[in-house]
Amino acid sequence: MEAASTAPIASGGVPRVFAVIRALSALQAEGGRVTQLARAVGLTQGTTHRLLQSLVAEGMVEQDERSKLYRLSMDFFALAAKAGNPGDLRSLCRPALLRLCASLGDSIFLLVRSGFDAVCLDRSEGPFPIRSFTGDIGGRVALGVGQGALAILAFLPEAEREEVIRFNLSRVREYGVFDEVYLRTEIERVRQLGYAGRNTGLLEGMAGVAVPICDREGRAVAALSVGTISARLNDDRLPTVVELLKREAAAMGPKINPFDATLRRPAQSLAGSPPEQRVVLPAADLSAGVDSAD
C-alpha cells in the first residue's frame, strides 16, 4: 500500500525528511522501494534516494541487503519509546474517571491489560459500597472475569484473543460459573453490543458495565467500568451509562501513547501509590464477586 501525498511538501530538507518518514511508516510491514516512496512524497527518485541514505546513515532507516526495501529501523522506534509521553495512561484517564463519577454518582474503574490479566490502574469511588474482582488499585484478575476484563478480552485481535482463552480457561473455571461455551458466548455478545454488562444474580444487589478503550490500531488495551447497585443499572438507565462510557473511551483511545510503559508494566507504574491503594482481595472473596463492578 502506498501513502498518497495530499499536499505539496514545503521547501527545505526537514519537511522532506519527515515526508519520507511518514511514507515509510505507511509501508512498514512490507517495506518500500525508492520508486514507491518517491511517488508517495512527490519527489524525484534521486532526491528521495539521497534522503533515504541520510536516514540510513543516522540509523533511523534500514535497507534489506537482498530485497533492497527500506523500513524504519529499530533505533527509530527505540528513540520514540525513549521520548515517551508526558502523560501516562493513568494521568490521561484520571479526568474522565472524575467526570464519570460526578455525572453518574457511581464507582468508576480503569483496568489495563497485563498479559493474561487485567489490573486495576485507577478508580474513583462512588457513594454506594460495592465489591469488585480486583479489589482496589493494583489488584488483578484473569482476562474474561468481570465486566472490565471481559471487555478487554472481547476486543483483542483474534489470534491474541484465542491464545488468552486457551491459557485462561482453566483459571476462569475456578470461579465455578464459567466453561468454554459460556465464555465464548459472552465474548461474542460483548463484541456485538460494544460493551460488557450482565447481572447474573450471583452477587445479590450488584451490577456493572464496561467498555473497551482501544488504541489507534483498534486493539483493546484497557477498559472503563462502572460498578453500582442493581437498582441503579436498570434497563432505562443502562443506555445512558453505556453512552457516557463509550464517549469517554473514544476520546481517550487516539491519545494513548503506544510506547507508554504503563501498557507493558502496569503494576510497576503503581509503585509510588500508597500501600492502602494496592489491596488485592483474597481468592475466597473474589469467587463471590462475579457480578461486581469491574
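The following conversation concerns a predicted model of a single chain.

Visitor: To start, how many helices and strands does the chain have?
Guide: The chain has 12 helices and 7 strands. Please bear in mind that the model is predicted.

Visitor: And what share of the residues is buried?
Guide: Of the 294 residues in the chain, 45% are buried. The accessible surface is about 14,500 Å², and carbon and sulfur atoms account for 54% of that surface.

Visitor: What about contacts between residues at least 6 apart in sequence?
Guide: Of those contacts, 62% join residues at least 24 apart.

Visitor: Is Thr 48 buried or exposed?
Guide: Thr 48 counts as buried, because its relative accessibility is 0%.

Visitor: What happens just after helix 2?
Guide: Gly 42 takes a positive phi of about 75° there.

Visitor: Which residue has a positive phi although it is not a glycine?
Guide: That is Lys 68, with a phi of about 70°. Most residues other than glycine have a negative phi. Lys 68 is placed in the loop between strand 1 and strand 2, and it counts as partly exposed at 46% relative accessibility.

Visitor: What else lies in that loop between strand 1 and strand 2?
Guide: Glu 65 lies there, and it counts as exposed at 71% relative accessibility. Together with Glu 62, Asp 64 and Asp 75, Glu 65 forms a negative surface patch.

Visitor: Changing topic, how many salt bridges are there?
Guide: The count comes to 14 salt bridges. One of them joins the side chains of Arg 90 and Asp 122, at 3.7 Å from N to O. Arg 90 lies in helix 5 (residues 89-104) and Asp 122 in strand 4 (residues 117-124), so the pair ties together parts 32 residues apart in sequence.

Visitor: Is Asp 122 buried or exposed?
Guide: Asp 122 is buried, with a relative accessible area of 3%.

Visitor: What does Glu 125 pair with?
Guide: The side chain of Glu 125 meets that of Arg 123 in a salt bridge of 2.8 Å, N to O. Glu 125 is partly exposed at 46%, whereas Arg 123 counts as buried at 13% relative accessibility.

Visitor: Where does Glu 162 find its partner?
Guide: Glu 162 forms a salt bridge with Arg 184, and their closest N and O atoms are 2.8 Å apart. This pair links distant parts of the chain, with Glu 162 in helix 7 (residues 158-173) and Arg 184 in helix 8, 22 residues apart. A network of salt bridges with shared partners joins Arg 113, Glu 160, Asp 215 and Arg 219.

Visitor: Finally, what is Arg 191 in contact with?
Guide: Arg 191, which is found in helix 8 (residues 180-193), is in contact with Ala 154, Phe 155, Leu 156 and Arg 161, leaving aside neighbours within four places in sequence. Arg 191 and Phe 155 are 36 residues apart in sequence, with their C-alpha atoms 6.9 Å apart. Arg 191 is partly exposed, with a relative accessible area of 37%.

How values were computed. Residues are numbered from 1 along each chain as its sequence is written. This is a predicted model: local features need pLDDT of at least 70, side-chain atom pairs count only at pLDDT 80 or more; totals for chains, interfaces and linings use all residues. Side-chain values use heavy atoms; hydrogens and water are left out. Helices (H or I, at least four residues) and strands (E, at least two) are DSSP runs, numbered from the N terminus. Patches are made of residues with over 30% relative accessible area and no salt bridge: like charges are joined within 9 Å, nonpolar side chains (Val, Leu, Ile, Met, Phe, Trp, Tyr) within 5 Å. Accessible areas come from the Shrake-Rupley method with a 1.4 Å probe; for residues, only the protein chains shown count as cover. A salt bridge is a side-chain nitrogen of Lys or Arg within 4 Å of a carboxyl oxygen of Asp or Glu. Lys and Arg count as positive and Asp and Glu as negative; His and the chain ends are not counted. The place of a charge is taken as NZ of Lys, CZ of Arg, CG of Asp or CD of Glu. Buried means under 20% relative accessible area, exposed over 50%, partly exposed in between (1.4 Å probe, protein chains only). Contact means heavy atoms within 4.5 Å.
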